Amino acid sequence: MRIVSGIQPTGNLHLGNYLGAIRNWVRMQDETAGECFFFLADLHAISDYQEPTAFARGIREMAAALIACGVDPDRATLFRQSKVAAHAELQWLLNGTARVGWLNRMTQFKDKSGKNREGASVALYTYPVLQAADVLLYQATHVPVGEDQKQHLELARDIATKFNTDYQVELFTLPEPIIPPAAARIMSLRDGSAKMSKSDPSDMSRVNLTDDADTIAAKVRKAKTDPEPLPETAEGLAERPEARNLVGIYAALAGVTVADVLGRFAGQGFGAFKPALADLMVETLGPIGVRLRALAADPAELDRLMDKGAERAAIAAAPTLAGAYSALGL
Ligand code: TYM
């Protein structure tokens with residue numbers, strides 16, 4: 001098993017990232033025999049303008065957040081994507097294989113570019129090809145991600161298959177997405193139809209791993225809900241996106257099923273449920289926040305750890321990159 005995944009180091013790590021992806025990174029690192037490669041997708045982040053000073057600080061903070069969540073730089077290879085040149089090189093080689101029609105179907109590009117398609121960066125458009133390079137470079141078998149990245153991984157499989165076929169090689173392994181069923185898509189606290197996201201202008205829409213206990217409690221208290229009590233069964237949540245989201249978050253944090261949560265809270269209103277959810281969040285995220293602040297206080301050590309990871313990643317990436325050049329006749 002080769003486990004590979006990345007996260008954009010912009011903004012704070014939030015509950016959606018944690019429950020949708022990072023918790024699975026740590027589980028796979030701790031519980032499988034597979035080799036793990038986790039990286040900060042800083043080259044992906046420049047598909048949007050980043051103010052350089054804040055960006056540099058954000059990259060270190062994200063490294064601290066991942067380690068605080070349990071990513072162990074001794075057991076997993078943790079690095080910055082931009083420090084391993086093979087990512088950008090392989091992307092260019094794969095640009096010859098990826099089709100414009102495939103990229104035109106990517107829903108994330110459509111969502112992010114919105115009505116301003118002509119004004120979107122070229123990097124935002126070719127972003128999924130870099131993501132394919134990220135995983136194919138390490139012969140990834142398993143890629144732990146949230147639901148929103150599934151389409152990008154299907155594209156990576158399509159690119160790998162076409163490259164292997166066109167050049168008659170067995171170079172690239174087809175990666176499988178690993179998506180947690182319970183927390184595949186954590187929604188905004190303000191709108192049950194929008195995913196929790198770093199780019200939402202309202203900080204009240206997400207819980208950040210850096211939030212203190214009072215902030216978490218206030219965000220849960222103000223989370224959008226409806227006036228009905230909680231139902232007996234999960235089907236009763238079908239038309240109630242905000243209620244479904246909060247119950248789902250509770251279940252994911254407690255490591256129980258939605259039915260278990262409803263077994264305890266059915267018939268009760270949000271006046272009872274919200275404080276219990278806030279307590280559970282503070283209990284789970286509080287210790288991560290404490291570790292994160294301690295790690296962020298030593299940027300030189302974070303740089304050292306990331307650079308060590310990049311050296312290891314570059315060595316692991318070299319054979320596949322060489323194989324791609326050779327298959328192309330270069
Ligand atoms: P990013 O930085 O947007 O998110 C990092 C991870 O968090 C997951 N996630 C969520 N899961 C559940 N609910 C949510 N509301 C939520 N929001 C985010 C994402 O699915 C992701 O797993 N393109 C990627 C980064 C990337 C990557 C890769 C991932 C670059 N190269 C190679 C895997 C493999 C991204 O922007 O994720």
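User: I would like to start with the ligand: which polar side-chain atom lies 2.6 Å from a nitrogen atom of the ligand?

Analyst: That atom belongs to Asp 134, whose side chain places a polar atom 2.6 Å from a ligand nitrogen. Please keep in mind, as we go on, that this is a predicted model.

User: How many residues surround the ligand, and which are the closest?

Analyst: The ligand is surrounded by 27 residues, and the closest of these are Tyr 127, Asp 134, Gly 146, Asp 148 and Ile 186.

User: Moving to the whole chain, into which domains is it divided?

Analyst: Domain 1 takes in residues 2-184 together with 299-328, and domain 2 covers 203-295. The centres of domain 1 and domain 2, taken over C-alpha atoms, are separated by 29 Å.

User: How should I read the interface of the two domains, and what area do they bury between them?

Analyst: The size of an interface is often expressed as the accessible area that is lost when the parts come together. Here domain 1 and domain 2 bury about 1300 Å² between them, with 72% of that area on carbon and sulfur atoms. On the side of domain 1 that touches domain 2, the elements giving two or more residues are α1 (15-31) and α3 (52-69), and α3 supplies the largest share, 5 residues. The residues of this side divide into 11 nonpolar, 2 polar and 1 charged. In terms of contact, 14 residues of domain 1 meet 14 residues of domain 2.

User: How many salt bridges are counted between domain 1 and domain 2, and how many in the structure?

Analyst: Side chains of opposite charge can pair when their charged atoms come close. Between domain 1 and domain 2 the count is 0 salt bridges, whereas the structure holds 15.

User: Finally, how do I read a phi value, and what is the phi of Gln 139 and of Gln 168?

Analyst: Most residues other than glycine have a negative phi. Gln 139, although not a glycine, has a positive phi of about 55 degrees, and its place is in the loop between α7 (122-136) and β4 (142-144). Gln 168 is also not a glycine and has a positive phi of about 50 degrees; Gln 168 lies in the loop between α8 (150-166) and β5 (176-178).

Terms used: Residues numbered from 1 in each chain as written. Predicted model: local features only at pLDDT ≥ 70, side-chain atom pairs only at ≥ 80, totals over all residues. Heavy atoms only, no water. Domains from an automatic or database assignment. Contact = heavy atoms within 4.5 Å. Buried area = accessible area lost by both parts, 1.4 Å probe. Salt bridge = Lys/Arg side-chain N within 4 Å of Asp/Glu carboxyl O. Helix = DSSP H or I, 4+ residues; strand = E, 2+ residues; numbered from the N terminus. Nonpolar A, V, L, I, M, F, W, Y, C, P; charged D, E, K, R; others polar. Near = heavy atom within 4 Å. Polar contact = N/O pair within 3.5 Å; in protein donor to acceptor, adjacent residues only side chain to side chain.
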